[in-house]
Protein chains: 8
Amino acid sequence: RRTGIAEAVYAPGKSPEQCAAAVAGLLAGGPAGPVLLTRAAPEQVEAARERNPGATETAAGLVWHALPPAPGTVLVLTAGTGDLPVAREAVAVLAAYGHDSTLVADVGVAGLHRVLAQRRRLAEADVVIVVAGMEGALASVAAGLTGAPVIAVPTSTGYGSGLEGVTALLAMTASCSPGVTVVGIDNGFGAGCAAVRTLRPLTGGPR
Amino acid sequence: RRTGIAEAVYAPGKSPEQCAAAVAGLLAGGPAGPVLLTRAAPEQVEAARERNPGATETAAGLVWHALPPAPGTVLVLTAGTGDLPVAREAVAVLAAYGHDSTLVADVGVAGLHRVLAQRRRLAEADVVIVVAGMEGALASVAAGLTGAPVIAVPTSTGYGSGLEGVTALLAMTASCSPGVTVVGIDNGFGAGCAAVRTLRPLTGGPR
Amino acid sequence: RRTGIAEAVYAPGKSPEQCAAAVAGLLAGGPAGPVLLTRAAPEQVEAARERNPGATETAAGLVWHALPPAPGTVLVLTAGTGDLPVAREAVAVLAAYGHDSTLVADVGVAGLHRVLAQRRRLAEADVVIVVAGMEGALASVAAGLTGAPVIAVPTSTGYGSGLEGVTALLAMTASCSPGVTVVGIDNGFGAGCAAVRTLRPLTGGPR
Amino acid sequence: RRTGIAEAVYAPGKSPEQCAAAVAGLLAGGPAGPVLLTRAAPEQVEAARERNPGATETAAGLVWHALPPAPGTVLVLTAGTGDLPVAREAVAVLAAYGHDSTLVADVGVAGLHRVLAQRRRLAEADVVIVVAGMEGALASVAAGLTGAPVIAVPTSTGYGSGLEGVTALLAMTASCSPGVTVVGIDNGFGAGCAAVRTLRPLTGGPR
Amino acid sequence: RRTGIAEAVYAPGKSPEQCAAAVAGLLAGGPAGPVLLTRAAPEQVEAARERNPGATETAAGLVWHALPPAPGTVLVLTAGTGDLPVAREAVAVLAAYGHDSTLVADVGVAGLHRVLAQRRRLAEADVVIVVAGMEGALASVAAGLTGAPVIAVPTSTGYGSGLEGVTALLAMTASCSPGVTVVGIDNGFGAGCAAVRTLRPLTGGPR
Amino acid sequence: RRTGIAEAVYAPGKSPEQCAAAVAGLLAGGPAGPVLLTRAAPEQVEAARERNPGATETAAGLVWHALPPAPGTVLVLTAGTGDLPVAREAVAVLAAYGHDSTLVADVGVAGLHRVLAQRRRLAEADVVIVVAGMEGALASVAAGLTGAPVIAVPTSTGYGSGLEGVTALLAMTASCSPGVTVVGIDNGFGAGCAAVRTLRPLTGGPR
Amino acid sequence: RRTGIAEAVYAPGKSPEQCAAAVAGLLAGGPAGPVLLTRAAPEQVEAARERNPGATETAAGLVWHALPPAPGTVLVLTAGTGDLPVAREAVAVLAAYGHDSTLVADVGVAGLHRVLAQRRRLAEADVVIVVAGMEGALASVAAGLTGAPVIAVPTSTGYGSGLEGVTALLAMTASCSPGVTVVGIDNGFGAGCAAVRTLRPLTGGPR
Amino acid sequence: RRTGIAEAVYAPGKSPEQCAAAVAGLLAGGPAGPVLLTRAAPEQVEAARERNPGATETAAGLVWHALPPAPGTVLVLTAGTGDLPVAREAVAVLAAYGHDSTLVADVGVAGLHRVLAQRRRLAEADVVIVVAGMEGALASVAAGLTGAPVIAVPTSTGYGSGLEGVTALLAMTASCSPGVTVVGIDNGFGAGCAAVRTLRPLTGGPR
Ligand SMILES: Nc1ncnc2c1ncn2[C@@H]1O[C@H](COP(=O)(O)O)[C@@H](O)[C@H]1O
Ligand SMILES: Nc1ncnc2c1ncn2[C@@H]1O[C@H](COP(=O)(O)O)[C@@H](O)[C@H]1O
Ligand SMILES: Nc1ncnc2c1ncn2[C@@H]1O[C@H](COP(=O)(O)O)[C@@H](O)[C@H]1O
Ligand SMILES: Nc1ncnc2c1ncn2[C@@H]1O[C@H](COP(=O)(O)O)[C@@H](O)[C@H]1O
Ligand SMILES: [Mg+2]
Ligand SMILES: [Mg+2]
Ligand SMILES: [Mg+2]
Ligand SMILES: [Mg+2]
Ligand SMILES: [Mg+2]
Ligand SMILES: [Mg+2]
Ligand SMILES: [Mg+2]
Ligand SMILES: [Mg+2]
């Protein structure tokens with residue numbers, strides 16, 4: 001809580017009761033920032049909601065203590081439509097902090113006109129999140145079109161040579177576009193948190 | 001140049017003449033931002049300087065068109081002293097953009113008091129760069145002590161199970177501290193560029 | 001049996017009859033130490049029990065010939081709640097040898113106060129087991145807070161960059177905290193056995 | 001020889017005499033196509049020349065029995081200047097078969113205008129070779145700008161996350177641009193041979 | 001569309017509606033070339049067909065706007081019968097462009113007479129596609145028997161040391177037969193597209 | 001210092017002055033335990049000695065503040081003679097803490113009589129360190145012959161399939177002998193520290 | 001057929017009809033040696049039997065044209081009981097060639113007395129097959145106890161650090177026992193074929 | 001010694017004195033079979049010779065107690081000339097046991113006629129050793145042309161995608177030719193020992 005960054009409970013592998021209790025524990029600390037329950041199955045959602053009223057349902061899961069609207073222009077790009085669930089997780093974390101995002105899907109570099117059509121948005125964004133699997137080339141291209149911070153999320157979408165996201169992870173961290181940063185495979189939550197950290201100056205510091 | 005992010009010439013594998021010409025090419029574009037020559041050997045430095053007057057020597061190599069002082073509190077932490085060359089590369093890129101940094105070396109988590117002694121600096125930083133090899137745990141710990149953006153640089157220092165930086169790269173991207181971002185192995189230049197992108201709001205946007 | 005270390009039958013891939021027979025074979029050797037049946041499904045448990053009376057049910061499976069209480073202060077820490085099943089396997093092996101353990105879950109380094117709150121327990125332990133997945137940083141941090149032997153267990157919990165436990169395995173063996181030792185991925189059984197070996201001097205040698 | 005594809009002697013690890021003899025052996029088969037000696041050190045070149053007169057020196061090494069000029073528009077792109085030696089090896093193999101190439105270096109996707117400036121050449125080429133290290137994104141981008149066959153060569157240039165060319169190899173074979181094909185790491189020779197195979201219809205078949 | 005290369009929608013991970021809409025979007029661009037829906041489940045096929053009439057069903061999925069017959073002799077070889085689905089995907093892409101193919105299955109090098117029996121076809125082909133899993137040796141052998149372009153497709157068939165296609169991918173890119181090119185694991189679609197690019201000169205250029 | 005575990009300065013990558021200063025810094029903290037300078041070159045040794053008098057030279061490097069003799073029976077086994085430098089590093093760390101060790105080299109399992117001849121020593125040891133490269137099988141065999149804690153050190157000795165120690169690392173952590181623990185590749189220092197931690201009960205606790 | 005080595009149809013991924021036809025194709029070649037159908041599901045077995053009468057059911061699947069009894073002493077050892085299915089596949093291939101085998105399971109090196117009890121059998125065998133997963137140390141130990149050819153089969157049994165057989169594969173090929181040979185992961189069929197090749201001199205050559 | 005298989009001292013990493021002493025130790029055991037000193041530098045050879053008279057110099061190093069001529073037809077094939085040093089090591093081990101070998105170099109599958117020209121030799125051999133780097137396809141092809149045991153040696157020759165022999169190691173163990181066995185990367189010594197084991201029946205058993 002002390003960092004002002006989201007406290008989140010990762011549901012897989014926990015019983016519904018454990019989920020509910022974990023959320024309750026975080027909320028017990030007082031109204032210090034959003035609390036999330038991510039990747040939860042219906043029973044986990046239900047148990048958490050029942051014990052902890054006041055949650056909003058988002059693409060990243062349930063959120064308690066969402067923050068009021070805050071400034072910041074966030075652009076989230078995906079290479080394919082299969083990357084959308086991961087992208088939406090980032091969008092939801094940002095929303096919990098009051099930040100709107102523009103999500104543009106399926107602008108992979110195979111058809112370069114698609115990402116070039118986002119040039120103005122790239123130039124105007126305060127932070128850009130790029131979600132891509134397979135060879136993850138979109139991160140390098142997008143970073144060459146903006147001076148804003150670029151947070152790349154490798155995904156496990158696709159098959160074969162994508163190696164469950166490992167190829168994109170390596171490729172993104174090897175990007176020749178200066179200043180690309182990378183989070184873990186399929187970690188839309190982490191990308192959202194990194195964006196929230198980056199937008200702090202626009203919100204007047206820790207909230 | 002259009003992104004406002006550093007143009008850099010990476011010297012290894014280029015002849016002194018190629019280095020000099022590459023720098024000249026970038027400078028020919030007009031005074032749009034810093035130009036760097038990185039990881040250059042003495043003959044490369046000499047050739048580049050002779051053809052392109054006005055360079056400053058820094059830890060990241062030669063810099064032309066360095067920008068005037070700019071606001072922003074940057075903290076650069078290293079786990080060991082072997083990580084210093086990579087850290088200094090990041091510091092020099094920031095300096096080319098006018099940003100001062102505080103560099104604190106050798107605060108690896110094996111002696112936790114060392115990083116805990118940096119708590120206040122971590123809390124006050126606008127951006128934190130963590131440079132670490134072997135298991136790279138400092139990134140996770142530092143990120144838990146600040147709400148600022150954390151840019152982690154895995155290094156190839158050490159031996160054996162560090163696998164030339166691959167272990168730290170994997171560990172940092174798998175960090176359980178929400179919002180840690182990672183650049184490539186030994187890529188202090190990239191970390192510096194990412195920090196420059198992140199500090200843009202404090203400088204009044206692209207310069 | 002000659003080493004005094006647990007004989008265990010690993011159930012997956014065996015028929016219920018094979019499980020029962022394997023236990024019987026070990027018990028036939030006489031009362032030389034605990035015999036365990038681990039990771040058994042209900043039918044395997046049932047068959048083994050029926051043929052070999054006198055078993056106790058534990059988190060690590062069935063135990064025959066558990067030893068009487070023995071001294072030794074064991075601390076088992078987990079980074080997340082998803083690591084609990086592996087941790088409990090270690091606890092159960094220790095219990096079969098008469099050793100009590102204190103199990104503290106969810107003290108991952110992202111919230112450093114959680115592991116710092118265990119400082120006294122760490123200082124007083126005779127042996128510490130650290131169970132963690134993803135980047136496994138808890139092992140390095142815990143080892144810096146105790147002079148006791150530290151046995152780290154990498155787990156396959158989490159997703160993506162954790163690479164099914166490989167990231168934690170590499171990171172833990174690359175730990176910069178001197179003296180961390182590591183067992184196989186998800187091998188709570190092995191960690192328990194290593195702890196039993198370590199505690200031998202406190203029990204007056206082989207039992 | 002029967003396939004009409006280059007016979008080449010790979011010099012590293014052979015004595016000067018072995019090089020000379022290997023070339024002699026291939027030439028003994030009669031004038032069936034070019035014979036190359038690649039990656040040879042000066043003594044190897046000298047020994048091979050002395051025993052086998054009539055060689056031309058090229059970027060790929062010595063060539064005997066080079067073929068007369070043949071049609072075909074070949075475009076060779078490199079992401080960085082460090083990729084040039086590999087690119088030149090491909091150019092020289094093509095030259096041995098009578099094919100001219102246009103080599104354009106340093107058009108990596110970090111500055112997208114550089115590859116976009118090659119649009120017309122990409123559209124008009126009969127075959128395109130893309131040579132790139134690190135994340136190798138240029139292959140995907142170039143393939144989206146041409147309907148010609150694209151042969152990608154991953155290189156071991158750069159450092160760290162490029163993993164000596166493995167990252168580019170994986171990324172290029174995972175390319176989301178349909179129809180990108182890939183040869184081995186640093187294998188400019190192989191890319192040249194693949195281009196020669198591809199251009200056969202323009203030369204009136206096997207020569 | 002601009003490259004004249006197939007636009008394809010990859011169905012896995014998309015809802016039936018998303019599939020139908022994606023196809024509609026590509027068709028909306030006008031009659032510029034074939035549009036494919038690949039690896040679709042029955043519901044996805046149904047939804048796509050209903051919204052977009054005029055599709056033909058092929059081994060690679062549905063095809064709209066298939067092109068009229070075009071010249072070109074294509075030989076597709078597989079090492080085992082398990083490689084057939086991937087091979088058929090390549091055949092179907094070629095068919096969508098009007099190219100016939102000869103598909104010969106189960107000519108793995110363990111029984112060399114099988115591939116030797118294809119010698120004439122190999123010599124006469126304009127392009128050869130080799131589909132093989134495990135050690136993928138068929139690509140090297142076939143390339144030694146033809147001067148035509150060889151496109152190798154590593155597959156994930158088999159078990160154990162085949163490592164889900166990674167072994168064949170590495171082996172094929174390390175082929176000592178000069179000029180073998182490789183696409184991604186199980187990427188029959190990509191191999192088909194590469195063949196279409198290669199056959200362009202025979203069809204009078206982009207269609 | 002607080003854990004009572006060795007403070008060590010790892011020399012590679014540091015200037016002689018940095019080595020000397022790092023040692024001085026650790027000694028400044030007062031007489032709390034041994035201080036080591038490891039893997040130092042002659043100039044580094046000289047500089048460190050000159051600035052910090054009172055060092056003893058050991059196989060693990062220089063030691064200051066070595067502790068007086070302490071009880072404990074330590075057996076160090078190596079599979080080959082190439083593993084000796086790593087083994088000696090462990091022996092020296094133990095010596096710095098006052099513990100004698102018996103070092104028996106070249107008892108690899110290819111000649112099983114060699115390790116069987118150590119049976120009595122294995123049975124009587126308080127802790128066993130096994131140093132082995134290539135397939136590292138000695139760890140599993142030794143652990144089956146003792147009830148004492150077994151600390152395995154994978155080494156990078158040998159060539160080829162040993163993969164610079166990675167094979168032994170994986171094999172040792174996958175050991176089917178219950179309770180084998182593993183440190184990093186070539187990390188004799190870490191093995192020595194782990195043994196010191198394990199022997200603490202015999203020395204009357206932290207010293 | 002020409003090598004006299006088993007023709008086998010690998011059933012997974014084939015339809016029952018494809019299985020039946022593949023067997024029929026091999027049998028059509030005349031009575032040149034055994035024909036096997038391996039890893040077949042019940043429907044595949046049924047279809048193959050119906051179309052091709054005269055099969056015997058074995059652990060490796062159906063066998064047609066089994067050869068009459070032949071000399072040769074074969075010892076098959078497994079480290080655990082989970083390795084039995086792979087071992088039985090080897091035994092069945094040998095049986096198809098008329099060779100009896102002695103199969104001794106569960107003699108892993110953790111309890112060295114188990115393999116030592118097989119000393120005489122090891123000394124007397126004409127060929128030894130060792131089937132083991134996890135760290136695969138049994139191959140090295142067994143090879144040190146016999147002068148006969150040793151064929152090691154790494155298996156994917158176990159979990160975690162065994163990495164689905166990759167650890168055993170690497171360890172076995174890195175064995176320090178001179179002359180250990182290795183087949184693919186879980187490839188009991190291949191081990192059986194290798195043994196058949198090795199026993200040829202005892203049967204009076206190719207049969 | 002008890003297995004009748006070569007005792008060998010691997011020189012790299014040993015001092016000349018250690019080499020000499022190790023050989024002396026093995027010879028002290030009496031005339032039980034050949035003793036080898038492999039991969040020794042001139043000073044190591046000299047020291048070993050001086051202390052232990054009676055050695056013969058071979059491609060595998062020095063040999064003491066070579067055995068008299070023994071029957072057996074051994075064929076050693078290499079894919080390239082760069083594989084010769086490894087092949088010669090196998091030949092020398094065989095020679096130490098009295099077995100002659102026929103060594104045929106540079107018959108890689110890229111030019112299939114080269115290996116087909118060895119058909120008769122392959123059919124008549126008692127054992128075949130195949131030495132190959134890069135994709136190692138020669139092992140699969142050769143095994144399809146003989147019913148004799150095939151021992152494959154992956155080598156680290158070549159560059160790039162050969163991954164220092166790992167690609168050939170994986171490919172050879174994944175061979176679809178039934179009965180191929182594999183030793184470690186560059187392990188010509190091991191291949192020679194495996195061949196000696198295989199030829200034992202022809203020599204009248206252990207010698
Ligand atoms: N020290 C460095 N580390 C990482 N990337 C660098 C470094 N110096 C320059 N670069 C990047 O490398 C590319 C220049 O490569 P080149 O065209 O070969 O000079 C540019 O994308 C730079 O942003
Ligand atoms: N849960 C477990 N995790 C790891 N190893 C185990 C486990 N249970 C038993 N073992 C070990 O597995 C082996 C028994 O395998 P098996 O003979 O197949 O029953 C013994 O070496 C045990 O020490
Ligand atoms: N520069 C090169 N890169 C890759 N392969 C090459 C090169 N030069 C020759 N080759 C191939 O290497 C093989 C020759 O190897 P060797 O028999 O050792 O001379 C042939 O298959 C050539 O096609
Ligand atoms: N159980 C098995 N394990 C490994 N290889 C097998 C097995 N059964 C058959 N094979 C081999 O697989 C190939 C047959 O593949 P297919 O043509 O797909 O039936 C032949 O090379 C056989 O020698
Ligand atoms: Mg798309
Ligand atoms: Mg330090
Ligand atoms: Mg938690
Ligand atoms: Mg450049
Ligand atoms: Mg087949
Ligand atoms: Mg030895
Ligand atoms: Mg067992
Ligand atoms: Mg050759």
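Tutor: We'll take the ligand sites, then the rings and the chain copies. Keep in mind that this is a predicted model.

Student: OK, ligand 1. Which chains does it lie between?
Tutor: Ligand 1 lies between chains A, B and D.

Student: How many residues surround it, and which are the closest?
Tutor: There are 14 residues around ligand 1. The closest are A:Cys176, B:Lys14, B:Thr38, D:Asp106 and D:Tyr159.

Student: What does the side chain of B:Lys14 have to do with ligand 1?
Tutor: An N or O atom of the B:Lys14 side chain is 2.6 Å from an oxygen atom of the ligand. B:Thr38 also has a side-chain N or O atom 2.6 Å away, but from a nitrogen atom of ligand 1. For B:Glu89, the distance from a side-chain N or O atom to a nitrogen atom of ligand 1 is 3.0 Å.

Student: And how much of ligand 1 does the protein cover?
Tutor: On its own, ligand 1 has 500 Å² of accessible area, and the protein covers 82% of that.

Student: Which strand gives the largest share of the shell around ligand 1?
Tutor: Strand β1 of chain B, residues 7-10. That strand supplies three residues.

Student: Now ligand 3. Why is the site shared between chains?
Tutor: Because residues from chains D, E and H surround ligand 3. There are 14 residues around ligand 3, and D:Lys14, D:Thr38, E:Cys176, H:Asp106 and H:Tyr159 come nearest.

Student: What polar atoms of the protein lie by ligand 3?
Tutor: The side chain of D:Lys14 has an N or O atom 2.5 Å from an oxygen atom of ligand 3. A polar side-chain atom of H:Tyr159 is 2.5 Å from a nitrogen atom of ligand 3. D:Tyr10 uses its backbone: an N or O atom there lies 3.3 Å from an oxygen atom of ligand 3. The protein covers 81% of the 500 Å² of accessible area that ligand 3 has on its own.

Student: Which strand gives the most to that shell?
Tutor: Strand β1 of chain D, residues 7-10, with three residues.

Student: Switching topic. What sits over the ring of B:Tyr159?
Tutor: The charged end of F:Arg39, 4.1 Å from the ring centre. Likewise, the charged end of H:Arg39 sits over the ring of F:Tyr159, 4.1 Å from its centre.

How values were computed. Residues numbered from 1 in each chain as written. Chains lettered and ligands numbered in written order. Predicted model: local features only at pLDDT ≥ 70, side-chain atom pairs only at ≥ 80, totals over all residues. Heavy atoms only, no water. Lys NZ or Arg CZ within 6 Å of the ring centre and 35° of its normal. Near = heavy atom within 4 Å. Polar contact = N/O pair within 3.5 Å; in protein donor to acceptor, adjacent residues only side chain to side chain. Areas by Shrake-Rupley, 256 points an atom, 1.4 Å probe, with all protein chains shown as cover. Helix = DSSP H or I, 4+ residues; strand = E, 2+ residues; numbered from the N terminus.
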